[in-house]
Amino acid sequence: MNKARIQITGIVQGVGFRPFVYNLAATHGLKGYCLNDSEGVVIEAEGASLDEFIRDLRLKAPPLSKIETITVTDSSERGFSGFTIRESVAVTGKSVLVSPDISICGDCLRELFDPMDRRHLYPFINCTNCGPRYSIVKDIPYDRPRTTMARFTLCPECDKEYHDPSNRRFHAQPNACAKCGPKVWLANRDGSKTDAGVNFNAIKEAQRLLKEGYILAIKGLGGFHLACDASNDDAAKRLREKKRRSFIKGGSSNKPFAVMSPDMESIQSFALVEEKEEAALKHRTHPIVLLRKSASTLSPHVAPGNNRYGVMLPYTPLHFLLFHGAGFKALVMTSGNLSDEPIVISNEEAIARLSMIADYMLLHDRDIYMRVDDSIVRVDNGVQRVLRRARGFTPEAIPLGEEMDEIFAAGPLLKNTFTITKGRNAIVGQHMGDLENMDALEFYKETLRNLKNTFKSEPMAVALDMHPDYMNSAFAREYAESHGIKIDRIIPVQHHHAHIASVMAEHGLTDEVIGIAFDGTGLGVDGEVWGGEFLVSSRSSFTRSAHLSYVRLPGGDAAVREPWRMALSYLIASFSENAEKEAPFFFERREAKEAAIVKRMVETGLNSPLTSSAGRLFDAVASIIGLRDRISFEAEAAIELESIAEIREGLDPYPFGIKEEKPAIIDTAPLIRAIVEDVRRGVSKAEISGRFHLTMAEAIAATAKGIREKMGITKAALSGGVFQNATLLSLSTERLEKAGFKCYTNERVPANDGGVSLGQAVIAWEKIKKGN
């Protein structure tokens, strides 16, 4: 073959692929052209070395690219005089995978601090190997006019680079310099400009303000951060009081702040860093990585009651300049929003919403089209797990192994993401947060519109949670009606089945698994609140084989905010009328009237649905041992319970029972009674927590073995927010694997509710194939 048309799909736009093709063609002496279209890259080529050229397309592809398919067909075009890059062509209804935003590359970083370089200290330096992508793309094909950089006309020098095939900035769409590109300036909280100047002059003044204890709102890549010196107690405390709304009336939340540090040496001064954690920190995605604390050099207000810090390295040139010559060990860099609201992306929105928190604002004029928060990962036993999927990961596709109808999976209410399917891929949207107000729902709708447009997706099926009152499920039904989607293609999906299906989708599992779904809440098919489930699961259906014993959830959501309510419920379930006699230490901490009211609710079932939630069991134990009776943010009690857990040789689990019913029931009463006895004997909280974690792992393994004896299934899939507890996950998988199970867990999508929409999409497709 010496003449061919080559079509390439995957992440091949915005990653330097056309310049790569151009130079590769020159190396092989080929003539023809390449261009972007709405599906990927199209190449017409002729020459004697065509076969070697096609081989090298995959072998030598740019580092940020991800080729899905290369299709080679005969071509009738001929008579080329050389090889060129042609203008992009939009194809109606076709889509291409879009690259996530990428942290600054080593070449740009060197130029940033090179006094002889024309982009010296320029906060928006980038090239084809780094910089904004997803956050600035308005449409495809990915070209400058379809991004938020369209308003910036290239100066002659930048234009020359842009059109020079030998240059690293050849067709780099965000290319710019201080003469022609975006600028940074410092503003007062009312939006008026200070006299600090622009770019690094403004950043130097921002450094000074941060050193003096001021709080700054800083516009970044996918939204604003709220920043202060992480070593300054007063600044960190003030930021916490202003930003963090607490579940406890009149208080501030203890939810940890993320911090950004300039380099590994600085990070190692306050955190322990293992080899794979360092690799995660330095990866081109530059996520927040959860690291164990090693010293108290940062303010205690950064991450109170937690044994880990959330740490990231700088990922934009502006971030590097914030640290340049400043001497900061770490800056708090928390999402620029009020609690429960979407991250702020525009200057006008920042002035309106963040001025009550920030003293000053570091603004710029490169618009953000897609708001996207920082991603969070943790490394467990050498395996990286995404806990929040956003910047650097979204909108990277997850391959599903087969062509699917286009589906919109609406996701859960809390820690929401949605998923759309296109071709053989699932595109999981970025972290949305909790959909509990209209601002959050508008962010959700905005992102859906954007991703549908970017991927040219018109879903004709909708998957949603079974719960009838979720805001996004109501929207999904409205969406289906307004888009003419038939009733049999509106598919409710049970929450915990979706958790397990997300693991199956990640790992390409198609046969049945024993799904172990431990989380806080999800509506069960019996109308009760599930959360401690063992499901024999396929991609299309499930059978509930076992669950944690039911107890009352007194006050519904109030029991989530006040773990002492769950403690009381478990004490009553375990001791009946003798609860106060057996656990006097607990009741002595309670206001008598309040305790009597909740006790009555438990006994009568008034506003107290039944729950099998593992999350609520962790809350109850935390309260029983006197660790935390009320929480200021979701899962605070469980996080503290894990953080104090002492796991050592010779530590025995507590007793528990398994009642052989249909489904089987894990009886927690013996566990609670034994914990109460240890509290009365003065056993340390750390030891009780350790024994409790061991007990849960033993119960998981024993229950799974019982199901295997009946069903012959040897694969176990573990998911749900409770398995973000690294101690529990490690102990559980260790015991399951020792018992002969092959374990699968979430890695690319969160085990928490951030992965649910992927599972919903997969289940919906299987049901569609089977005719529901």
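Student: In which helix does Glu-640 lie?
Tutor: Glu-640 falls in the stretch of residues 636-644; residues are numbered from 1 along each chain as its sequence is written, and side-chain values use heavy atoms, without hydrogens and water. The model is predicted, and local features need pLDDT of at least 70, side-chain atom pairs count only at pLDDT 80 or more, and totals for chains, interfaces and linings use all residues. Helices (H or I, at least four residues) and strands (E, at least two) are DSSP runs numbered from the N terminus, and the run that holds Glu-640 is helix H20.

Student: Is Glu-640 buried or exposed?
Tutor: The relative accessible area of Glu-640 is 9%. Buried means under 20%, exposed over 50% and partly exposed in between, with a 1.4 Å probe and protein chains only. Therefore Glu-640 is buried.

Student: Which residues does Glu-640 touch?
Tutor: A contact has heavy atoms within 4.5 Å. Leaving out residues up to four places away in sequence, Glu-640 touches Gly-305, Leu-627 and Arg-628.

Student: Which residues lie nearest the centre of the largest cavity?
Tutor: Lining residues have an atom within 4 Å of a point, and the largest cavity has 18 of them. Those nearest its centre are Pro-123, Leu-221, Thr-316, Pro-317 and Arg-366.

Student: Which helix gives the most to the lining of the second largest cavity?
Tutor: That lining has 17 residues, with Gly-14, Val-15, Gly-16, Arg-18 and His-171 nearest the centre. The helix that gives the most covers residues 17-27 and supplies three residues: H1.

Student: Which are the edge strands of the open sheet of six strands?
Tutor: The order is E18-E21-E20-E19-E22-E23, with mixed pairing; two strands pair if DSSP finds at least two bridges between them. An edge strand pairs on one side only, as do E18 (398-399) and E23 (490-493).

Student: What is the bridge partner of Asp-465 in E23?
Tutor: Strand E22 covers residues 462-465 and runs parallel to E23, joined to E23 by four bridges. In E23, Asp-465 has as its bridge partner Val-493.

Conventions. 1 Å grid on protein atoms, 1.4 Å probe; cavity = no way out; pocket = protein on both sides within 12 Å on 5 of 7 lines; lining within 4 Å.
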